[in-house]
Amino acid sequence: MRAPGSQTQKLLGLWAAGEKPRSREDLGGNNEQARMAQSSERMSRRDLSEALKESTKEVHVQAESTQFMESFQKGQVSLREFKLYLASLYYIYLALEEESERNKDNPVYAPVYFPNELNRRAALEEDLEYFYGPTWRKEIQCHEATQKYVDRLHHVGQYEPELLVAHAYTRYLGDLSGGQILKKIAQRSLHLPNTGEGLSFFNFPGVTNISKFKQLYRARMNSLPMDSATEERILEEAKKSFLLNIEVFQELQRLTSQGQPLENGHLVQPKLELHARRGNTTHSPKESDRERMTHKNMLPSTPLLRWTLALFFMAATIAVGLYAM
Ligand code: HEM
């Protein structure tokens, strides 16, 4: 494992002083020839971090505008949606972090390997246990779009590791940016305790200053050895990564708007007990979810049943009317 420790401090120092790291030595490299070759190549193109930001601008807007993210931003996410979201993220980070481990010593990935600062798997496990209880592993399911994303992560990690940075960038920098906004919204709209339970995914205890860490991460991305063709492939992969996320959101939306998302391969009956295991009783997420469920799920689901009920009520009203006369 490469410990970011003193090198991290050095880079953070440079950034704090308003300077960009200029030499490869600043970025942990020591091969002068490689440095010369890369710097002449790099002079003719943008930094990878800028190129990534620029080329994913459009898909970022697309991701923010998915129905799922729109309703998340409006504070309309239900507990059920949030739980499914966390479950998907769990499978995604399991794969991302497995591939990250596989490539921790690979020069095409090592500079952006920050397990202590970034890894989300343990945090997601805590959150899933909080929401689903101790049997969470049996209760969650990897749906199709999530599986597609997971498959891509494994493919990249094993066969095209130079593209792994695109996936790490999309997820981790996203979590450190918009993710921090979503955290506040989720806490408020799901009435989660302000002790942070259920929100571990959004907390990065290993990162003391998010803004400086993002700068460090960008500097590390910019230090990765690559030619222009590889850079192009990384930019394409980052867009693909956003699109995979979008497909996950769309699938979550479909699952939840059907009203009865699949859990563990079975149709789930609307439950009043909604697994908020450790929430306090007055601010438990159960209430808001129950509230939403009453509107969504108490209506009979088939038109035939609805008509039968309507006719029954009409007949009852007429009978009561006749009786009153
Ligand atoms: C409602 C949803 C979202 C909101 C409100 C949001 C908001 C933001 C904001 C405010 C930034 C900071 C921009 C800056 O520092 O210049 C950002 C950056 C970023 N977001 Fe999002 N975002 C959302 C969804 C997503 C999603 C779904 C992804 C990907 C899965 C994502 C990936 C990123 C990335 C990679 C960055 C870093 C851009 C860079 O500095 O290069 N975001 N987002």
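Around the ligand lie 17 residues, and the closest of them are Lys53, Ala63, Gly174, Ser177 and Gly178; a residue counts as near a molecule or strand if its C-beta atom, placed from the backbone, lies within 6 Å of it. Two or more residues of this shell come from each of helix H3 (48-55), helix H4 (57-64), helix H5 (67-73), helix H11 (164-176), helix H12 (178-189) and helix H14 (228-257), and H11 gives the largest share, 4 residues. By class the shell divides into 8 nonpolar, 7 polar and 2 charged residues, where Ala, Val, Leu, Ile, Met, Phe, Trp, Tyr, Cys and Pro count as nonpolar, Asp, Glu, Lys and Arg as charged, and the others, Gly among them, as polar.

The model is predicted, with local features requiring pLDDT of at least 70, side-chain atom pairs counting only at pLDDT 80 or more, and totals for chains, interfaces and linings using all residues. Residues are numbered from 1 along each chain as its sequence is written.

The protein chain has 16 helices and 2 strands; helices (H or I, at least four residues) and strands (E, at least two) are DSSP runs, numbered from the N terminus. Of its 325 residues, 33% count as buried, a residue being buried if 20 or more other C-beta atoms lie within 10 Å of its own, exposed if 12 or fewer, and partly exposed in between, with C-beta atoms placed from the backbone.

Two of the helices that contribute to the shell, H3 and H14, also meet each other: Leu48, Ala51, Leu52 and Ser55 in H3 are in contact with Glu231, Ile234, Leu235, Ala238 and Lys239 in H14, contact meaning that the C-beta atoms of two residues, placed from the backbone, lie within 7 Å. The residues of this contact comprise 6 nonpolar, 1 polar and 2 charged.

| Pair | Separation in sequence | C-alpha to C-alpha distance |
|---|---|---|
| Leu84 and Cys142 | 58 residues | 9.5 Å |
| Gly75 and Ser189 | 114 residues | 5.3 Å |

Leu84 is found in helix H6 (residues 79-102), and it counts as buried because it has 25 C-beta neighbours inside 10 Å. Gly75 is found in the loop between H5 and H6, and it counts as partly exposed because it has 13 C-beta neighbours inside 10 Å. Leaving aside neighbours within four places in sequence, Gly75 is in contact with Ile185, Arg188 and Ser189.
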